[in-house]
Amino acid sequence: MRILIKNGYIVSMASEIKKGDILIEDDRIARIGMIDCEADKVIDATNKIVMPGLINAHTHVGMALFRGYADEDELMTWLSEKMWPIEDKMSASDVYYASLLSAIEMIKSGTTTFNDNYFYEEETAKAAEKTGMRAILSRCVIGDADEATKRLAEAEELYNNWHNKCNGRIKICVGPHAPYTCSPETLKRCVKLADRLGTPIAIHYLETKDEVKKMRDNYNMTSTEYIKKAGLFNYHVMLAHGVHIDSESLETLKEISGGVIHNPISNQKLGSGFADITKLRMNGINVALGTDGQGSTNTLDMFEEIKSAAYIQKALYNSATAISGEDVLKMATIEGAKVLGIDSEVGSLEEGKKADIIIIDMKKPHLCPAHNIYSLLAYSVNGADVETSIIDGNIVMENRVINGIDETEIMNACSRIKECLFNNR
Ligand SMILES: [Zn+2]
């Protein structure tokens, strides 16, 4: 299959923005330039932006059912009194429909890759398979002893059933929940599993002040020392949040493979604080962007996270030059891919890379006039402006219609499940 995208503003995230064409052959970008050739499908991108699909580097898409539930609680209350009790009632099918709803939401707002950590994760894999999304998935491992044994076995089964499936679109990693919810023994067992399977490790890290205190009280260590001692930093790590990073931890992070995932809206909404990502990036640490689950962020629109990330740094530093629109776009694309360890395949538009591409029409009042396309993308575009999405060389959405998916049916199913779940099934 050959797809030719003609005459767009190509925002490759690898070189200067220029007008041109992109030829896709099967799952990869074959050529970028001025191209005249036969193709099975030609997309006219005149007055449109053609850019890499966005990478949501941290989320829990099974939480779609909790959108708008428990909106004004602190993280620890929110988790232990609201989220965990309702999650205990969820079935595999509930997670499947929530994942499908989330996949639709992500595709319709420009995300092509997501990194997810939850339970019944094979249902999320099925949703990624059905909708055509690229995904890195992990079974959330939490607790110790028997509980951890059960979850580690599920994590390995997930790997055996899904790793590198769908033309390599789906990858599996190991996902211990957080330093404060995993015993040293559980963390070491996670590391052992990641070592045996050869996968990266995803973990929540330094999200709240409460975590800092808990780790000090329980172990007389920082979260950084704790996970370093368990051996996590010998592997590629994806550290979600990093809000409360002290100077010693910063030194440790300079040496790691992977990076930190910034979730600006979740951190603000749960009152967790402001991550100093400017300092992290100045020290050569890769920073990705994520939404977290809809229980704490309410939507999976990465363009909202992009804006929020930029505004926070400008306010934090009392300086409009603290971070640029282009910097934040990098975090949502190529830098995000680096944190997830998939930058050789996605994150920028380059010949030979996988064809994960979104197209945005600029002919809209809030996108006119265009002084600077990076600024337009960072500060004016919203998810609903994404017109077409291509993932792994397949057109998954064209003119805002997702191929092979009945959106109404999935929304209705999720509304029914929500009623059932919250009225004591
Ligand atoms: Zn999270």
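Guide: Please keep in mind that this is a predicted model. Let us start with the metal site: along the chain, the donors of the zinc ion follow the spacing H-x1-H-x143-H-x87-D. Two of them link distant parts of the chain, with His204 in strand E11 (residues 201–205) and Asp292 in the loop between strand E14 (287–289) and helix H11 (294–297), 88 residues apart.

Visitor: What makes an atom a donor of the zinc ion?
Guide: A donor is an N, O or S atom within 2.8 Å of the metal. Water is not among the atoms, so the site may look incomplete.

Visitor: Why is the arrangement of the four donor atoms called irregular?
Guide: The angles around the zinc ion run from 87 to 172°.

Visitor: How do you know whether His204 and Asp292 are buried or exposed?
Guide: Buried means under 20% relative accessible area. His204 has 6%, so it counts as buried. Asp292 has 5%, and therefore it is buried as well.

Visitor: Which residues have the most contacts inside the largest nonpolar core?
Guide: They are Leu239, Leu253, Ile360 and Leu377, in a core of 112 residues. Helix H2 (residues 92–107) gives the most to this core, with nine residues.

Visitor: Why is this core said to lie between domain 1 and domain 2?
Guide: Both domain 1 (2–52 + 355–402) and domain 2 (54–340) give residues to the core, so it lies between them.

Visitor: What does Leu253 touch?
Guide: Leaving aside residues up to four places away in sequence, Leu253 touches Tyr205, Phe233, Leu239, Ile245, Val260, Leu280 and Ile285. Another core, of 15 residues, lies apart from the largest one, and Ile10, Ile29, Leu349 and Ala355 are among its members.

Visitor: How much area is buried between domain 1 and domain 2?
Guide: About 2,200 Å², with carbon and sulfur atoms giving 64% of that. In domain 1, Met13, Tyr379 and Ile391 lose the most area to domain 2, together 27% of what that side buries. The C-alpha centres of the two domains lie 28 Å apart, and the contact takes 25 residues from domain 1 and 30 residues from domain 2.

Definitions and conventions
Residues numbered from 1 in each chain as written. Predicted model: local features only at pLDDT ≥ 70, side-chain atom pairs only at ≥ 80, totals over all residues. Heavy atoms only, no water. Donors = N, O, S within 2.8 Å, 3.2 Å for Na, K, Ca; no water. Tetrahedral: all angles 85-135°; square planar, octahedral: opposite > 155°, others 65-115°. Helix = DSSP H or I, 4+ residues; strand = E, 2+ residues; numbered from the N terminus. Buried < 20%, exposed > 50% of the residue type's maximum accessible area, 1.4 Å probe, protein only. Core = buried A, V, L, I, M, F, W, Y, C linked by side-chain atoms within 4.5 Å. Domains from an automatic or database assignment. Contact = heavy atoms within 4.5 Å. Buried area = accessible area lost by both parts, 1.4 Å probe.
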